[in-house]
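Student: Could you take me through a close look at the disulfide bonding here, and show me how it sits in the chain as a whole?

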Amino acid sequence: QVRFVESGGGLVHPGGSLTLSCGASSMVVGPPYMSWVRQTPGAALEWVAHLSPTGTTSYANFVKGRFAISRDSRSNSPILQMNNLQSEDTGVYYCTLGSRDRWQIGFKRGPGTQVTVSS
């Protein structure tokens, strides 16, 4: 089963931007639905965005208009461009297979990448 390693997190001020990448242990064949999910402090994992096999995107309301998901053409892994970051976006971000409604199936938590938004 393909494993993912997330990168690109860091510390930014409110209003700042980060780009998250997702390294895969092997080529992601398909491409399949792929999502970014996150865990903010004290909360459960929550879905952030997905990218369909045909390139259609979908976003959680709390990131709509600020985040953009795309696909790395070399690996088929998802990239998450995050703009206008706010303190409530602080958390650990993970990439995974699956859509908004199905990402939890077979989800295997990778190392994640920490995003901290603070002034």
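This is a predicted model: local features need pLDDT of at least 70, side-chain atom pairs count only at pLDDT 80 or more; totals for chains, interfaces and linings use all residues.

**The disulfide and its setting**

Tutor: Happy to! The partners are C22 and C95, with their sulfur atoms 1.8 Å apart. The link connects distant parts of the chain: C22 belongs to strand 3 (residues 18-24) and C95 to strand 9 (residues 91-97), and 73 residues separate them. A disulfide is a covalent bond between the sulfur atoms of two cysteines. About the S-S bond the angle is 65°, and the link of C22 and C95 is right-handed. As for solvent, both C22 and C95 are buried.

Now let's step back to the protein chain around this pair. The protein chain has ten strands and zero helices, so its elements read β-β-β-β-β-β-β-β-β-β from the N terminus on. Of contacts between residues at least 6 apart in sequence, 56% join residues at least 24 apart. Buried residues account for 44% of the 119 in the protein chain.

What about overall dimensions? The C-alpha trace spans about 40 × 25 × 25 Å along its principal axes. A compact globule of 119 residues would have a radius of gyration near 14 Å, and the 13 Å of the protein chain agrees with that.

Finally, the surface: the protein chain exposes about 5900 Å², with carbon and sulfur atoms supplying 50% of it. Its 10 positive and 6 negative charges have mean positions 6 Å apart.

Technical notes:
Residues are numbered from 1 along each chain as its sequence is written. Side-chain values use heavy atoms; hydrogens and water are left out. Helices (H or I, at least four residues) and strands (E, at least two) are DSSP runs, numbered from the N terminus. The radius of gyration is taken over C-alpha atoms; the globule rule is 2.2 Å times the number of residues to the power 0.38. Buried means under 20% relative accessible area, exposed over 50%, partly exposed in between (1.4 Å probe, protein chains only). Contact means heavy atoms within 4.5 Å. Accessible areas come from the Shrake-Rupley method with a 1.4 Å probe; for residues, only the protein chains shown count as cover. Lys and Arg count as positive and Asp and Glu as negative; His and the chain ends are not counted. The place of a charge is taken as NZ of Lys, CZ of Arg, CG of Asp or CD of Glu. A disulfide is a pair of cysteine sulfur atoms within 2.5 Å.
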